[in-house]
Amino acid sequence: MERSCSLLIHFDKATPAMANEIKQALESNDVDAKIDAMKKAILMILNGESIPQLFITIIRYVLPSEDHIIQRLLLLYLETLKKTDSTGRMLPEMILVIQNLRNNLQHPNEYIRGVCLRFLCRVAEPELIEPLVPSIIGNLEHRHPFVRRNAVLALMSIYGLPHGEQLLDHAPELIQQLLVSELDASVKRNAFLMLFNCAQFKAVDYVFSNIDRVPDWDEQMQMVVLELIKKVCRTNKDEKGKYIKIIISLLNSPLTAVIYECANTLMSLSSAPTAVRAAANTYCRLLLSQSDNNVKLIVLDRLNELKSLHREVMVEMIMDVLRALSSPSLDIRRKTIDIALDLVTLKNVDEVVLVLKKEVVKTQSVELEKNGEYRQMLIQGIHSCAIKFPEVASTVVLLLMDFLGDNNVASATDIRAARVCSCALWILGEYCLSIPEVESGIETIKQCLGELPFFTASEEGDAPNALKSSQQVNSITVSSRRPAILADGTYATQSAAIETTLSPQTLVQGSLALVGNLRSLILSGDFFLGAVVACTLTKLVLRLEDVQELKTEVNKLSTEVLLIMVSMLQLGQSSYFPHPIDNDSYDRIVLCIRLLCNTGDEIRKIWLQSCRLSFVKILTDKQFRETEEIKAKAQISHAQPDDLIDFYHLKAGSLPAFQNQVSGLDIQFSKYEGMSQLELEDEVQDDLKRATGGFTKNGDDVNKLNRILQLTGFSDPVYAEAYVTVHHYDIVLDVTIINRTKLTLQNLCLELATMGDLKLVEHPQNYSLAPRSSKQIKANIKVSSTETGVIFGNIVYETSNVLERNVIVLNDIHIDIMDYISPASCADVAFRTMWAEFEWENKVAVNTIIEEEKEFLDHIIKSTNMKCLTPPATKLLIDDRSNKFRNIKRSVKIDFGTLPPRPILGVIEWVTNKSSALDGECGFLAANLYAKSVFGEDALVNVSIEKQANSKITGFIRIRSKTQGIALSLGDKITLKQKGSS
């Protein structure tokens, strides 16, 4: 059984010392040799080696020494030494130590007295302490404050022992008298801390008797006062008003630690608008005055919590928050922008945009290391404000256009990217309506494509050289290719060199002079972009047939378009080209050729009208969902029709007059008399909570019951259960142990061990448990990563009748990964990038009794505490071969830039309808889920399932993460929960 240890020293076991050598050194007259021998003896005891033969030697040769270092090492040796026998009784030879300790407590040197008192703070044997109590009390009047403050700590630790009140029944009165007469700040702090822990009511009396002098107290003293206020108000909420006055007075303190703790305390006690505003002002002051980036990040986290609870107050502070952008730290700037964007309203959007625009200008004038990434955040913030509030769009359009072609890809999307070209081509195909617009659009595309053909037969003689140079260029492309996940859950190959222009050696003769962007992208192997070009040209020719009366012009342009399409097919099927055309793009271009050769009215209507209508429906549905989300958020803060309207003036200034008017009625007004505005607001908030049941949170009680775990059986002599509290970086086990026997249990110890990335901070101490009594034991466990951990252990105890130890094995406590991850959002591009970069993947086969795809997806989302990034949509596919309609409902991530995302032998029309996407039966479903852990880890999940003919759902769930722990833990959680059990 392990003993509690208050000393930890590194010890190299490679060269262990021998007990005989230590004994000889202790018996010598050399002081340095004795010091070295004492250190070796302490290290051996700390590492579990028992050397009882040295005790008498130390008593004889070390105890009489007057050297301060040797006396200090002697106390450390006694601290680590086991002072009791197997029955729990103190060893007889410890009587010799007691006399030495008494001499040290009366020593003329204050250092000897102080270190001896510090030693007694870590002694738990009453037999050893009881004879020394008068000497400890006598040190309260010593002339040196070092002795007095350690004497107070010694009394506090003794009073906190199981039988400490019997040893020091009058200790609180002594400390209270010392507190009144003491002048040293550190001694007063220790004395007040003892009253705080041992006699709370006396500490409260002292605070209120000196309430005017609290702002002038020392920093440490003020921190203890704030802890006292929080502790008192948790147990007695009705007395918050008088303590809030103390907190408000401390908010003006020049000490940063004090005002930060004041703001935290104020937020934990009151939800009144005045209190929230005072706390927010304090946080903003700290944000601007502190130079430490860690402090700023902590304050920003507090402001973020404040924003979620009291958004209406934080809206007023948005400009103060934005002043934190002056910090050079990118993490601070990112958090500041995220907080500010959530607080933007119609009233302050102009000011926010102006600040962001000034910061963008600064990034251009000053060249710093991460200017590009900071500029990206600023531009995204401006863009978000412009989308949310179109009124400011006109003021930011020119600024955004300046960065459209920014060389830094982090600050703007490159206008030469294939996605941008796809969007531009789609706009040309949909919105070129008149004859000049259509002809200009076709001519522009032709110029960007360059001269035809893309690959001539005359160059086949130079094929080996061309192929060699092509391999040299494309070797870079191949080395940077990586798998990417598409919106429908399928895999594709993504190349980082897609946007690079090929070297002139790979192009045909005669096309080197002017190489257009479209041409370079197609020659680099992007045939999907070629398919988009073919669709755009097809739409333009079809629209030209409707508006152009001269058929010769139409036929001429149609022939040129067909030549472009045939040239792209020839390029893709060339054996000398390193990137052959994919089947989907080939079928798409062939379909466009067939449509231009034989156009029907129904097909023309689909191409020219239905696509526009589908896009309108997509935008309408998106706006509807955003409006619903805004309404849902707004309903939280809006008052209901039957809510109470409280008039503070009736309780403050006009109270006496109103009291005179109703003097004949039996109404009590004394409750609100003499209250300040803050106290009135806080009292009203508490009244509302009492009336609406806010102080009795049934939901929290149910959650607490769910977190109580039974550790032993009901038939065991010792019953134990644990309440598990999971914080961000640690776990607190509050274990209740009940002695169900009629015997006194001695040396009862709760032994715990962990598995996974969990670390036990401290070992619980030994206790004696009376018959039918109970004991609360707390254990702290540190968490270092998001991984499912296991806590196991046993309870060891002894009885007075039986000398052997009794062991009760405890049930294992499994720490759920769901306590550490929370739903989060990310852009589709960011999701794909992380999916390609993350190395750890866990593939889980679907095995469930659920028969509906949407129901299964909802069950996985609920079980994993993740957010679905894939909105609902309905896909209407028209197959040109059979002219039959097939309605396929699926969850897909709609990408406006590459609409449609996966063309399959037909024309795809997107029809988005929220209700229809959830009704009916589905053939298959693919969705992306995302969550983020408290440690900053990203969790990516892709669900790809299909419904078989027998109504059974099959498929796979892929989990990817940067670390192994979160991938394995999520996989285990999904495997356990996917069948449909709760």
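**Figure 1. Thr848 sits in the loop between strand 14 (840-845) and helix 37 (853-864).** This is a predicted model, in which local features need pLDDT of at least 70 and side-chain atom pairs count only at pLDDT 80 or more, while totals for chains, interfaces and linings use all residues. Residues are numbered from 1 along each chain as its sequence is written, and side-chain values use heavy atoms, with hydrogens and water left out. Helices (H or I, at least four residues) and strands (E, at least two) are DSSP runs, numbered from the N terminus. Thr848 counts as buried, at 6% relative accessibility. Here buried means under 20% relative accessible area, exposed over 50%, and partly exposed in between (1.4 Å probe, protein chains only). Look also for Lys952: its C-alpha atom is 8.0 Å from that of Thr848, although 104 residues separate the two along the chain.

Figure 2. Most residues other than glycine have a negative phi. Asn865 is partly exposed, with a relative accessible area of 28%.

**Figure 3. Helix 22 (residues 349-365) has a buried side and an exposed one.** Its 17 residues reach 25 Å from the first C-alpha to the last, close to the 24 Å expected at 1.5 Å a residue (the expected span is 1.5 Å times one less than the number of residues). Val349, Val352, Val353, Leu356, Glu359, Val360 and Thr363 are buried. They cover an arc of only 120° around the axis, so they fall on the same side of helix 22; the arc is that of the directions from the helix axis to the C-beta atoms. On the other side, you will find Asp350, Lys358 and Ser365 exposed.

**Figure 4. Helix 12 (residues 185-198) packs with helix 14 (residues 219-235).** Their axes are 9 Å apart and meet at an angle of about 10°, which makes the two helices roughly parallel. Axes are lines fitted to C-alpha atoms, for helices over the stretch in contact, and angles run from 0 to 180 degrees between N-to-C directions. Angles under 35 degrees count as roughly parallel, over 145 as roughly antiparallel, 65 to 115 as roughly perpendicular and the rest as oblique. Helix 12 contributes Lys188, Arg189, Phe192, Leu193 and Phe196 to the contact, and helix 14 contributes Gln220, Met221, Val224, Val225, Glu227, Leu228 and Lys231. Contact means heavy atoms within 4.5 Å.

**Figure 5. Helix 6 (residues 110-120) is largely enclosed by the rest of the structure.** That description applies because 8 of its 11 residues are buried. These are Ile112, Arg113, Gly114, Val115, Cys116, Leu117, Phe119 and Leu120. They pack against helix 4 (68-80), helix 5 (94-105), helix 8 (133-138) and helix 9 (145-159).

**Figure 6. Leu54 is a buried residue of helix 3 (residues 53-61).** Its relative accessibility is 0%. Leaving aside neighbours within four places in sequence, Leu54 is in contact with Ala19, Ile22, Lys23, Leu26, Ala41 and Tyr77. The C-alpha atoms of Leu54 and Leu26 are separated by 9.0 Å, with the residues 28 apart along the chain.
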